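Let us walk through this complex one site at a time. Keep the coordinates open as you read.

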Amino acid sequence: MSFPYEYIFKYIIIGDMGVGKSCLLHQFTENKFVPDNPHTIGVEFGTRIVDVNNKKIKLQIWDTAGQERFRAVTRSYYRGAAGALLVYDITRRITYNHLTNWLTDARNLTNPNTVIMLIGNKKDLDGQRDVTYEEASTFAKQNGLIFVESSAKTGENVEEAFLKTARLIFQSVQEGNVDLIPDGGITKGNNVLPTPPAEQPKNCQC
Amino acid sequence: MDSTDNNNIVPPVITTTSTSTTSTTTTATTAAATTATTNAAPSTVSSGGATNDQEDVGVSNASVNESLAGLSHHKQGIPDGSYRSVDVNGQWIANKLKEREHLYTEKKNMTIFLGTWNVNGKKPQEPLDPWLCDPAMPLQPDIYAIGFQELDLTAEALLLGDTTRSLPWEQKILESISNEYVKIMSRQLVGILLCVYVKKEHRQHITMERSDIATVGIMGMMGNKGGVAIRFKFYNTSICILNSHLNAHLENILRRNQDMKDIAKNIKFVVEDNNIITMFDHDQLFWIGDLNYRIPLPDAEVKEKIKKKDFYSLFLHDQLYQQMKSGAAFEGFQEPPISFAPTYKYDAGTDVYDSSEKKRTPAWCDRVLWKTSKTAENVGILTYRRHELLSSDHRPVSGSFIIKVRAVIPEVKNRIYQEIVKELDKKENDSMPDATISTNLIDFESVKFMVPVTRTIVLENVGQVIARFKFIPKLNEKILCKPWLKISPFAGIMLPKEKITIELTVYVDSTTSYAFNVANETMDDILILHLENGKDYFISIMGSWKPTCFGNTLENLVRYQGPLVGTQPMPVEQKKLSIPKELWRMVDSLYSNNGMAEENLFIVSGVSKEIEQIKECLDTGTPFPAFSNHSMAEVIIRFLEALCDPVIPFTLYQQALDGSSAVLSCKTLVSHLPSVNYNVFFYLISFLTEVLSHHDQNSLSADKLAIVFSTVLLRPSPTNSALVQQSTDATIVKKKADFIKHFIHSHNNI
Ligand SMILES: Nc1nc2c(ncn2[C@@H]2O[C@H](COP(=O)(O)OP(=O)(O)O)[C@@H](O)[C@H]2O)c(=O)[nH]1
Ligand SMILES: [Mg+2]
C-alpha cells in the first residue's frame, strides 16, 4: 500500500475576467462544462490526481478572480505556486493585451522555477477569433512560456495543458531544481507524518 | 476513536531537498506495509478465486488531511486539524477496483498438464513424447508441471544434496515439449524433482513464483521421501503444485497419511508483503507423485481384474481411495476417475508386472489429485492417463485439467482505475466546504460622522460538510479590515444548510475620520472571507464620505476659505485663516441671535434636528436656518469635541493637568501651542469672557463654563485608556477646569 499520490503541486489560474478560468478548472476536475458559472469573486479550489511518469501527483488548483479591482488581493495567492496557467480569450484581444500585466505579476510573485503555461481559451469559437495562433505563439516564445490553445467547452487540450505543466514541474523536481518545500508549491505526498498540533484544536476530545 | 481523526495533521515542512526524504519514506513504507499485512491476511486465508492484483494504491486519512492542509492560504491559514469530515480510508481505491474486477477481466480457459513418474533411479533412455505429447491430449497445455521420484538414488544426492542428475531429465523434457515453452521453475529434493513450464505467451502473467520442500524420509529429515512444491500466480489465479514421494510398503498406510499431513504442514511460501501462506491458500492445489498407496488384495485377484479391465472394482479396494473416503488423509482432494491399469510394479523395460521373488502386487502408486479452494471455480478434467514408457518399474501418469483464470484487460483496467481516482477526486472536491454568499458588494452609500450604518451579508453552507469561516487579512496586512469597519461575527461555524448573517458596520469617529477628512482617502476596502479548507470570497466595501468639519483638524480647517463641501484647500504653504471659519460662524451667530443672554447657555442641550441642520450648513456653507441658541451652543461643543486633536493637543494633556494649579505654567503651555490652536484658544477665551459678562442674564459662572469647555479643550488621547478612565474623576475634572479658569479670570482682570 502506498499513498494515492507522491507529490502535491499547487497551480494558480490567472487572467482577465471571463476568459474561462473557472470553466477550465471544472472541465479538468469534473470533466464538464458549466457555461454560466457565477463570476469568481475570490479564490476557488479544485483537485485532481494525475499520472506523470507513472507517479501519482495531486494537482491542487486555485482559480482566482480576474477583476482588476481584486488584482491586489489576488496577488497574495501566487505565492507557492508550482504552476501558473495564464489564460486569455482568443476572441477578445483585450484579454490578450493584458497578458503582460499578468505575466509581470506571475514572474514577480512566484519563484523562478514556477512553470508558466500560456493558454488561449475558447478555441471552439474559431470564427470569432481575434488573436492568431502564430501571434500568441511568438509571444509565448519570446517570454519563455509553453503555449496551447484550448477549449473549456469541448475539453480540447484542457488535459494537455494541465498535464504538460505537471510533467514540466515533475521534470524540474527530478532534476533537483525545485526544493520540496510547501512554499515551492510542491509537497511530497508520502512525507506526511502525523505531528502533534502546534495549537490544540479547541474541540479536541482526546 | 480513530486516532488520525484526533491528531492534527500538519503538512511537513521539508527544508532540505530530495535527500531528506529517505527517512520519512522509510517510515511511510513501514506504515504502508503494516496496513497491507493486516488487509491481506483475510484474503489469503480464504485463498479465494477473487485474489486479484493487489493494486499499489490507497488513500489514508493522513494524506487526505495533509492535502487539505495544503489548501490553506497564508501562514495563519494552516488548518488546525479539526477537520473531521473526510472519511476516505486507505483501502478505498483498492476496494473499488476489486469491486469492479468483473468489468476489466475476462475469463479464459487454460490447460494444465501434470505428470508424475517414478523413474527408479534410471537415467533417461527413451524420448518422453508418449507421456508429455500424448496425441490423446485434446489441447496443448498452457502449463506443464512434471514430477519425478527416485530420480537419484545415489548416496551423494541423499547426503550432499547433489542435484546434477536432474539436468538430463530437464533436457529430455525440453526435447519433447518444444520451444514454445519456458521453464518457470524447478525444484529438487534428492530424488524428487518438480519442473514447471509455461507457454511463452503467458510468461508475463506468471507472478510470485515460489518453491518449498518438506522431508518426511529417514528420521523425518533426510529427503529420500517428502515433497517439493512450486506455487505461482497465473493471471489472477494462484496455483500450487506439490510432487511427493510417500513412504512405501503395503502396511504403511498410516505412515503415508502422516507423511501427507506433515508435508502439507511444512510447506510454506513467503508471498506479497511478507505474508506466509500454505499450500491450502491457493485457488488450485495439485498433489501429484508416487503416493505409494497399494491394493490390499491377493496378487492373483488383482492381476485377474486388471486383465478384465475391471478397474472399478479394483479401485474400491485402493488404499488411497479408502483413506480419502474415510477422511483420514487428503481431505477435500479429488481425483479424476481411473480408467487405466495400475502403474506399478513392472519389470523394467517390459510389460510384465513384478516377476521377482518379492512379487509385489500391482498398485496405483502414481496419482494426480487436486483441491480447489471454496472461492475458486473448480477445474475441468480433460484426461487422466498412464503412458507406456518402459524404462522404470513405474509407468508415468498424467492428468490434465482446464482452469478458468481471470485475465485483466489492461486498457479496461486502466480506464476503470482512472474512473475510481476521479471519483475520489470528486469525493474530495465535494468534501471541501462550500458556501454561498448573498453579496460580494457592500455599499454603505452616504456615511456621516459618528453615524453608524450597518449592512448584512448572509452566508449559507451549501456544502456537505461543516464549514468554518473567518475573515483573514490581506497579504502583508495585520488587520482584517479598515478601522472604521466592524465585522460581527468575524469567524464562525456552520452546519450544512445552515445560514449565518454577518453584520458589517461602518462607523467613523474622531479616531478614524482623519483618513477621509484630512488624508482624502476614499471609503473602499476588500475583505477576504475564508472558508477553512475551501474557497475564499472577496467582499468589496464601499461608501461615500462628504468632507466635514467634524472629526477634522484645526490645521486642515484653516486651509479652507469656503465651505468644506465643494472647496479645495489652499496649498499648505499659503497663508491660512487664523481660526476655522466654521467656529467663527457659530460664535458669530450666537452673538447676532442674542445668545449671550440665553439662560444656561452651554448647559442646556440643543434640539437634535436643529443640530443636524446646523452641522450640514457648516459644511455646505449655506445660511443657518432658524435655531435655538442652545442648539448652536451644543454644536460648538460637539465641534471642539470631534477635533481629531483637541485645541490643547493630546501630547500636552498630562503637562496641562500637572501644572493646572499654577497660572504661570498654564500660560507658558498655551504660549507654546501651534499658532492655529493658540488662536482658537484665545478666540474661545475671549468669547467665554464675553458670555460671562452677561452672567446676570444667563446665570452662568466661570466655574460652570470652565468645566464644560475644559472637557472638550483638554482631552486625553482615546488610545490611552488609563487617562480616559481617570478623566472623569472629580480631582481631574477640577484640574482641567482650573486650567481654563486661569484664563477666563485673568482676562476678566485685564
Ligand atoms: N465557447 C466557449 N465559451 C467558454 C469557454 N470557456 C468559458 N466560456 C464561457 O466564458 C464565460 C466565462 O467563463 P468563466 O470560466 O466564468 O471565466 P473566468 O472569469 O475566467 O473564470 C462563460 O460564459 C463561459 O460559458 C470555451 O472554451 N468556449
Ligand atoms: Mg472565474
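B:Asn292 is buried, with a relative accessible area of 3%. The model is predicted, and every value here is computed from it.

What does the side chain of B:Asn292 reach? A polar atom of this side chain lies 2.8 Å from the backbone oxygen of B:Leu246. The side chain of B:Asn292 also makes a polar contact of 2.7 Å with the side chain of B:Arg294. Leave out residues up to four places away in sequence, and B:Asn292 still touches B:Lys225, B:His245, B:Leu246, B:Asn247, B:Ala248, B:Arg256 and B:Cys365.

B:His630 belongs to helix H18, which covers residues 629-642. Is B:His630 buried or exposed? At 12% relative accessibility, B:His630 counts as buried, because the cut-off is under 20%. Its contacts beyond four places in sequence are B:Glu598, B:Glu599, B:Asn600, B:Leu601, B:Val604, B:Ser605 and B:Gly606. B:Gly595 is another residue to check against B:His630: 35 residues separate the two in sequence, while their C-alpha atoms are 8.3 Å apart in space.

Now turn to chain A. Its secondary structure consists of 6 helices and 7 strands. Along the sequence the order is β-α-β-β-α-β-α-α-β-α-β-α-β. Chain A has 206 residues, and 58% of them are buried. Take the contacts in chain A with a separation of 6 or more: 75% of them join residues 24 or more positions apart. The accessible surface of chain A is about 8300 Å², and carbon and sulfur atoms hold 48% of that surface.

Ligand 1 comes next. There are 17 residues around ligand 1, and those that come nearest are A:Gly18, A:Lys21, A:Pro35, A:Asp124 and A:Ala152. The shell splits into 7 nonpolar, 5 polar and 5 charged residues. Which element gives the most to this shell? Helix H1 (residues 21-30) of chain A does, with 3 residues.

Several polar atoms approach the ligand. An oxygen atom of ligand 1 is 3.3 Å from a polar backbone atom of A:Val19. A polar backbone atom of A:Ser22 is 2.9 Å from an oxygen atom of ligand 1. On the nitrogen side, an atom of ligand 1 lies 3.1 Å from an N or O atom in the side chain of A:Asn121. On its own, ligand 1 has 570 Å² of accessible area, and the protein covers 85% of it.

Key
Residues are numbered from 1 along each chain as its sequence is written. Chains are lettered from A and ligands numbered from 1 in the order in which they are written. This is a predicted model: local features need pLDDT of at least 70, side-chain atom pairs count only at pLDDT 80 or more; totals for chains, interfaces and linings use all residues. Side-chain values use heavy atoms; hydrogens and water are left out. Buried means under 20% relative accessible area, exposed over 50%, partly exposed in between (1.4 Å probe, protein chains only). A polar contact is a pair of N or O atoms within 3.5 Å; within protein, one must be able to donate a hydrogen and the other to accept it, and residues adjacent in sequence count only if both atoms are side-chain atoms. Contact means heavy atoms within 4.5 Å. A residue is near a molecule or strand if one of its heavy atoms lies within 4 Å of it. Accessible areas come from the Shrake-Rupley method with a 1.4 Å probe; for residues, only the protein chains shown count as cover. Helices (H or I, at least four residues) and strands (E, at least two) are DSSP runs, numbered from the N terminus. Ala, Val, Leu, Ile, Met, Phe, Trp, Tyr, Cys and Pro count as nonpolar, Asp, Glu, Lys and Arg as charged, and the others, Gly among them, as polar.
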